[in-house]
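Subject: Structure handover

Hello,

Here is the structure I promised you. Please open it first, then read my notes below with the model on screen.

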Amino acid sequence: MLHVVGIRHHSPACARLVAHVIDRVRPAHVLIEGPADMNERIDELLLGHALPVAIFTFLRENDEPAAGAGSGRRHASWTPFCAYSPEWIAVTEGRRVGAAVRFCDLPAWHEAFEGRKNRYADPGESEEPSDDPNARTVKGPRASTRYAEALCKRYGVDDVDTLWDHLFEGPVGASSGGISLDELASRLEIYFEHLRGDEPGGPRDAPREELMSRYAAWAALDAPGRDVVLVCGGFHAPFVKRRAAEVQRAFEADGESMPVPTIAPPAQGARFGSYLVPYTYRRLDAFAGYDAGMPSPGFYELVFERGAEHAAERLVEIAVERLRKKKQLVSTADLIAARTLAEALSAMRGHAALLRTDILDALASALVKDGLDAPLPWSRRGPLAPRTDPLLVEIVRALSGEREGKLDARTPRPPLVFDVEAELEKHGLTPTAEVRTVKLSLRDDAGRAASRVLHRLAVLAIPGFTRASGPKWATDAVLDESWSIARSTEQQPAMIEASIWGATLEAAALGRLEDALVSSGGRVGPLTEILGAAVFVGIGGLAIQIIDRVESAIANEHSLGEVGSAVSRLFDLFLHGELLGAQGAVSLERVLAAAVERGLWLLEGVTGPSAPLDEREVRAVAALRDLIVRGPASITVERAHAEGVFARRAVDPAAPPSIRGASLGALWSLAQGSDGEEREQLAIAATKGASLPSVIGDFLGGLFIVARTEALHAEGLIAAIDEVLVALGDHELLVGLPSMRLAFSFFPPREREAIAKKILARHGQSQISPHQMLKLRVATDDVAAGLRMDADALALAKRFGLEDTLDAGEETAS
């Protein structure tokens with residue numbers, strides 16, 4: 001006989017029911033919703049692990065670069081188990097009674113799990129139904145959703161977590177005032193039948209349910225006259241029970257023997273596999289983003305171990321201990337009030353024992369003294385809302401629990417873990433319990449090799465390896481790195497999970513960067529950043545591949561700022577060719593030549609006479625100028641063409657003021673011999689021509705970014721700027737002040753002081769310290785506000801004919 005036990009994932013009540021059914025019927029087969037590709041390795045689950053643990057499954061198609069980097073599917077998924085997971089109880093109890101234990105669901109690399117990080121996760125509102133729709137209140141048209149919402153409304157509860165506790169997680173057994181396990185089974189069957197109704201499985205769940213049904217039919221035919229237990233999500237249970245009977249009858253009618261169901265493997269060449277990883281209660285908690293089953297795993301572990309009637313008392317103790325450790329004041333009177341409130345709420349709600357929300361609502365009422373800026377965390381599903389009261393955050397964290405899983409030493413691990421450990425030992429980087437600082441010099445081979453290992457770990461997001469200092473780009477002048485290294489409980493899970501990218505550290509880093517190439521969308525900026533990472537991790541072959549992609553991206557790039565940023569980075573790499581080798585240097589020269597052509601073409605098309613300063617575009621002009629001056633011969637021959645573009649843009653009234661200034665600065669800094677004086681006079685004339693308050697600041701900003709040195713030493717230009725500013729009225733000065741401040745901020749403090757000294761000398765005020773002029777005792781915004789107030793006062797005085805009185809007051813004050 002087939003017994004289909006519908007459950008809610010991570011439910012203590014369902015875990016007890018599963019144990020009860022298996023113990024009562026002593027089945028020949030126990031089938032469990034879980035990855036069927038692990039059936040030959042069930043024994044691994046039963047090693048001496050400390051729960052929680054999870055089965056991590058990965059798929060990476062088209063692993064070879066020749067197949068097109070990152071062109072195939074990428075998927076990673078987890079199947080977690082804790083001590084009170086019904087699926088875990090099915091595994092352990094099934095083995096205890098001598099049953100053949102198997103998983104009967106599709107592997108997580110199957111397309112049915114596409115985009116689903118957790119096997120037991122709930123779908124979004126627009127997705128097809130999944131195994132556990134109880135884990136959230138969904139506001140969609142599905143029959144299962146309408147049924148759950150109707151029950152919530154009937155019982156006056158906020159969500160299905162509270163509804164589930166109310167209906168199913170109370171005490172079990174007459175001695176504690178609860179229902180029997182047989183009555184629980186009956187309630188669950190009715191609940192799941194109504195929840196599912198006649199709703200189809202859809203493209204996600206239909207293939208999974210078909211496989212579960214075939215496994216159930218096979219097991220029943222394999223052991224005639226014996227019982228079979230199948231444990232699966234309650235949403236699946238009604239359909240699987242009916243479909244399994246249909247499949248069994250069909251084989252019996254044909255008189256054929258039914259083979260064990262099989263699953264076709266992924267496409268040829270795909271990398272896929274499943275490994276056990278340690279898990280944590282934090283990762284299992286809905287308040288931390290976990291989207292399946294029961295929230296607050298620490299609390300429900302107590303419910304499973306002690307029963308609902310005793311778990312509440314221990315919960316209060318844990319919450320208070322945590323609050324007091326965090327220096328939160330919790331008095332005895334507060335605890336008495338919380339306990340009294342909890343009992344009153346429980347009685348009012350008809351609970352046979354204190355349930356989770358009874359305790360939480362009472363603690364919030366008794367301990368939170370101020371108004372709330374966010375809803376109570378347990379009134380909704382998902383991560384905590386911003387501005388949640390800190391006391392409530394700590395209470396929720398107490399319910400989550402601190403338990404961390406640990407794998408048995410005999411557990412098989414993927415090759416990547418061994419390779420990482422070997423690389424760390426080889427370079428003296430093996431982490432210990434104590435945090436240690438490792439300093440590396442990139443000047444020698446040993447330092448560069450160790451640095452590459454650490455950068456590869458960083459690319460894979462392996463915790464415990466943090467770079468405290470070092471070059472931000474592979475060609476920075478800084479050639480020393482400092483790393484903080486420490487052993488972390490999250491390291492091994494992260495390394496196992498990184499196996500999706502490759503079997504060795506170098507291959508995994510390569511795979512991760514290749515995937516980033518796909519995600520870059522062919523944009524120049526992201527590609528350049530990936531190139532920098534490839535140089536740091538020492539993957540030269542990928543760097544050459546990225547350079548080829550950058551060339552293609554530049555040809556299609558429409559942003560001058562993006563091209564300029566790429567030019568700056570790529571030119572740095574070109575000047576340090578040893579990082580890429582001869583082949584890389586040749587490839588970069590070709591890319592840089594294309595970048596100059598594209599950049600100058602984009603510069604010609606930038607328009608907007610009133611557009612504000614765009615620093616990225618202005619710095620792109622500077623980058624093109626630098627490449628013309630110091631680049632390879634194939635680019636410097638384009639000098640005349642570049643100067644022509646700069647000259648046209650410098651006087652083009654359709655160009656933004658900052659682009660006019662930047663183009664003038666590029667033209668000025670490219671001057672040779674006597675051309676310098678001529679272009680300085682051109683800069684002076686252009687500055688006087690850009691005297692409008694809405695223009696002058698942005699114009700000078702572009703000029704200063706590109707030709708700062710030339711501007712600093714040009715006495716005539718400083719005089720021209722002074723003349724323009726002196727001629728501005730008070731209102732005009734206020735209009736131009738913000739952009740002027742920005743323009744002069746491009747000079748470092750010492751150079752701003754030199755300019756101030758020159759201005760003071762022009763006005764016969766050399767005795768005043770320029771340093772004092774640059775260090776105002778009040779904020780510049782206050783100065784601007786004062787000027788506006790003066791202007792308003794003067795206007796009001798003129799209106800009433802009192803300007804002479806103001807002038808006399810000023811003379812007296814002076």
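**Two spots in the loops**

P52 sits in the loop between helix 2 (42-45) and strand 3 (53-60). Keep in mind that this is a predicted model. The peptide bond that joins L51 and P52 is cis. Its omega is about 10 degrees.

Now go to S296. You will find S296 in the loop between helix 9 and helix 10. The phi of S296 is near 50 degrees. That is a positive value, and S296 is a residue other than glycine.

**Helix 10 and helix 11**

The crossing of helix 10 past helix 11 is right-handed. On the helix 10 side, the contact is made by F299, L302, V303 and R306. On the helix 11 side, A308, E309, H310, A311, R314, L315 and I318 take part. Sorted by class, this contact has 7 nonpolar, 1 polar and 3 charged residues.

**A cavity beside this pair**

The structure holds 3 cavities of 30 Å³ or more. Look at the second largest cavity, with a volume of about 40 Å³. Which residues line the second largest cavity? They are D165, E169, F299, Y300, V303, A308, L354, L355 and R356. Helix 10 gives the most to this lining, with 3 residues. The lining has 6 nonpolar, no polar and 3 charged residues. Some names come back here. F299, V303 and A308 line the second largest cavity, and F299, V303 and A308 also belong to the contact of helix 10 with helix 11.

**Helix 13 and helix 14**

R356 is another name to follow, as it lines the second largest cavity and also belongs to the contact of helix 13 with helix 14. Helix 13 spans residues 356-367, and helix 14 spans residues 390-400. Their axes come within 11 Å and cross at roughly 155 degrees. So helix 13 is roughly antiparallel to helix 14, as angles over 145 degrees count as such. The crossing of helix 13 and helix 14 is right-handed. R356, L360, L363, A364 and L367 of helix 13 meet L391, L392, I395 and L399 of helix 14. What classes make up this contact? The contact of helix 13 with helix 14 has 8 nonpolar, no polar and 1 charged.

**Helix 7 and helix 8**

Helix 7 (residues 202-222) packs with helix 8 (residues 237-254) at an angle of about 50 degrees. The axes of helix 7 and helix 8 are 8 Å apart. That makes helix 7 oblique to helix 8. The crossing of this pair is right-handed. Helix 7 brings E209, E210, M212, S213, R214, A216, A217, A220 and L221. Helix 8 brings F239, V240, R243, A244, V247, Q248, F251 and E252. By class, the contact of helix 7 with helix 8 has 10 nonpolar, 2 polar and 5 charged residues.

**The two largest pockets**

The largest pocket has about 1,400 Å³ of space. Its lining has 30 residues, and the closest to its centre are L737, R741, F744, M773 and L774. Which elements give two or more residues to this lining? They are helix 30 (715-727), helix 31 (730-744), helix 32 (749-762), helix 33 (770-774) and helix 34 (780-799). Helix 32 gives the largest share, 8 residues. The lining of the largest pocket divides into 20 nonpolar, 4 polar and 6 charged residues.

The second largest pocket has about 890 Å³ of space. There are 35 residues in its lining, and S488, T489, Q491, Q492 and P493 lie nearest its centre. Helix 9 (281-284), helix 15 (415-426) and helix 17 (491-497) each give two or more residues to this lining. Helix 17 gives the most, with 6 residues. By class, the lining of the second largest pocket has 13 nonpolar, 9 polar and 13 charged residues.

Best wishes

Terms used:
Residues are numbered from 1 along each chain as its sequence is written. This is a predicted model: local features need pLDDT of at least 70, side-chain atom pairs count only at pLDDT 80 or more; totals for chains, interfaces and linings use all residues. Side-chain values use heavy atoms; hydrogens and water are left out. A crossing is left-handed if the near helix is turned anticlockwise from the far one by less than a right angle, and right-handed if clockwise. Helices (H or I, at least four residues) and strands (E, at least two) are DSSP runs, numbered from the N terminus. Contact means heavy atoms within 4.5 Å. Ala, Val, Leu, Ile, Met, Phe, Trp, Tyr, Cys and Pro count as nonpolar, Asp, Glu, Lys and Arg as charged, and the others, Gly among them, as polar. On a 1 Å grid over the protein atoms alone, a cavity is a set of points where a 1.4 Å probe fits but cannot get out, and a pocket is an open set with protein on both sides within 12 Å along at least five of seven lines; lining residues have an atom within 4 Å of a point. Grid points are joined across faces, edges and corners, and a volume is the space filled by probe spheres set on the points. Axes are lines fitted to C-alpha atoms, for helices over the stretch in contact, and angles run from 0 to 180 degrees between N-to-C directions. Angles under 35 degrees count as roughly parallel, over 145 as roughly antiparallel, 65 to 115 as roughly perpendicular and the rest as oblique.
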